[in-house]
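Here is a friendly walk through one protein model. Please take a look at the sequence and the structure, and then read on.

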Amino acid sequence: MTDEMLKDAQCLFAFLAEAEEGPDRAEIVLAMGSQDLMVADTAVQAFRETHAGWLVCSGGLGKDTAEIFRQPEGVLYARRCLELGAPEDRLIIEKEAANSGENFRFSRAMLEERGIFPRTGVIACKPYMAKRALATGAMQWPEVQWSVRRPELTLSEYIAQGNDARTVLELMVGDLQRLRVYAGRFQAPVEVPEPVWAAYERLAGAGCDRYVIREI
């Protein structure tokens, strides 16, 4: 990674990780599946701190996990949550969602089947998913007042935890593009500042475009 690419990557990471603090209490925690299994740790912490009634681990096999996981993301997350002491009778496993919109829709359906209709919720996610997760929740499950919890890390710290730098760059580029492409359709609109968009274009042009949507 060149110095210029690192600077652009840090720009995307900082923007995508922005999130306002939510209320101290919430009825549910939704752990959004991904290749980052440490999200389960964040979810359990949020579950305890907000005194939530339910912890939903959501995720099947998505664009970034179909080739590396043999079990659905939700199953792997739930296993880790139980290891950390999450109560099994408060845990719901959703294992079919293949994208962020389905994380919300499928989790909502499972809760409604149980007669659970929350009004407040916390999204647990990897750092650079924060902004897109909130935008998706606002569109897909607007009845819930969402906040987000994610590890408070810099890009360098996140990669140092064992996350592959190239994969992180490619996923961030794809997520940034989706903020514009999905706005008003699958996600609530989010203003992307021009300097951030310019950083996205440079990274995509440098070959970090594995998850860029080709046909819009």
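Does Q187 count as buried or exposed? Q187 counts as buried because its relative accessibility is 1%; buried means under 20% relative accessible area, exposed over 50%, and partly exposed in between, using a 1.4 Å probe and protein chains only. Before going further, please keep in mind that this is a predicted model, in which local features need pLDDT of at least 70 and side-chain atom pairs count only at pLDDT 80 or more, while totals for chains, interfaces and linings use all residues. Residues are numbered from 1 along each chain as its sequence is written, and side-chain values use heavy atoms, with hydrogens and water left out.

**Overall form**

The protein chain has 8 helices and 5 strands, which are DSSP runs numbered from the N terminus (helices: H or I, at least four residues; strands: E, at least two). From the N terminus on, these elements follow the order α-β-α-β-α-β-α-β-α-β-α-α-α. The radius of gyration, taken over C-alpha atoms, is compared with a globule rule of 2.2 Å times the number of residues to the power 0.38. For 216 residues a compact globule would come out near 17 Å, and the 16 Å of the protein chain agrees with that. Along the principal axes, the C-alpha atoms fill a box of roughly 50 × 35 × 30 Å. Of the 216 residues, 53% count as buried. Contact means heavy atoms within 4.5 Å; among contacts between residues at least 6 apart in sequence, 78% join residues at least 24 apart.

**The nonpolar core**

A nonpolar core is a set of buried Ala, Val, Leu, Ile, Met, Phe, Trp, Tyr and Cys residues joined through side-chain atoms within 4.5 Å. The largest one has 26 residues, of which L12, Y128, M172, V173, L176 and Y200 touch the most other members. Helix 1 (3-16), helix 6 (155-160), helix 7 (165-181) and helix 8 (194-205) each supply at least two residues of this core, and helix 7 gives the most, with 7 residues. Leaving out residues up to four places away in sequence, V173 touches L12, Y200, L203, A204, C208 and V212.

**Two loop residues**

Q187 sits in the loop between helix 7 and helix 8, and S34 in the loop between strand 1 (28-32) and helix 2 (39-49). S34 is buried too, with a relative accessible area of 4%. Beyond four places in sequence, S34 is in contact with V39, D64, T65, F69, E73, Y77 and K126, whereas Q187 touches residues including R132, A135, M139 and Y182. The table gives a polar atom pair for each of the two; a polar contact is a pair of N or O atoms within 3.5 Å, where within protein one must be able to donate a hydrogen and the other to accept it, and residues adjacent in sequence count only if both atoms are side-chain atoms.

| Residue | Partner | Distance |
|---|---|---|
| Q187 side chain | R132 side chain | 2.8 Å |

**Helix 3 and the cysteines**

In helix 3 (residues 73-83), E73, G74, V75, L76, Y77, A78 and C81 are buried. The buried residues of this helix pack against strand 1, helix 2, strand 2 (54-58) and strand 3 (91-94). Just after helix 3, G85 takes a positive phi of about 100°.

The structure holds 0 disulfides, a disulfide being a pair of cysteine sulfur atoms within 2.5 Å. The sulfur of C81 is too far for a bond, because the closest cysteine sulfur, in C57, is 3.8 Å away.
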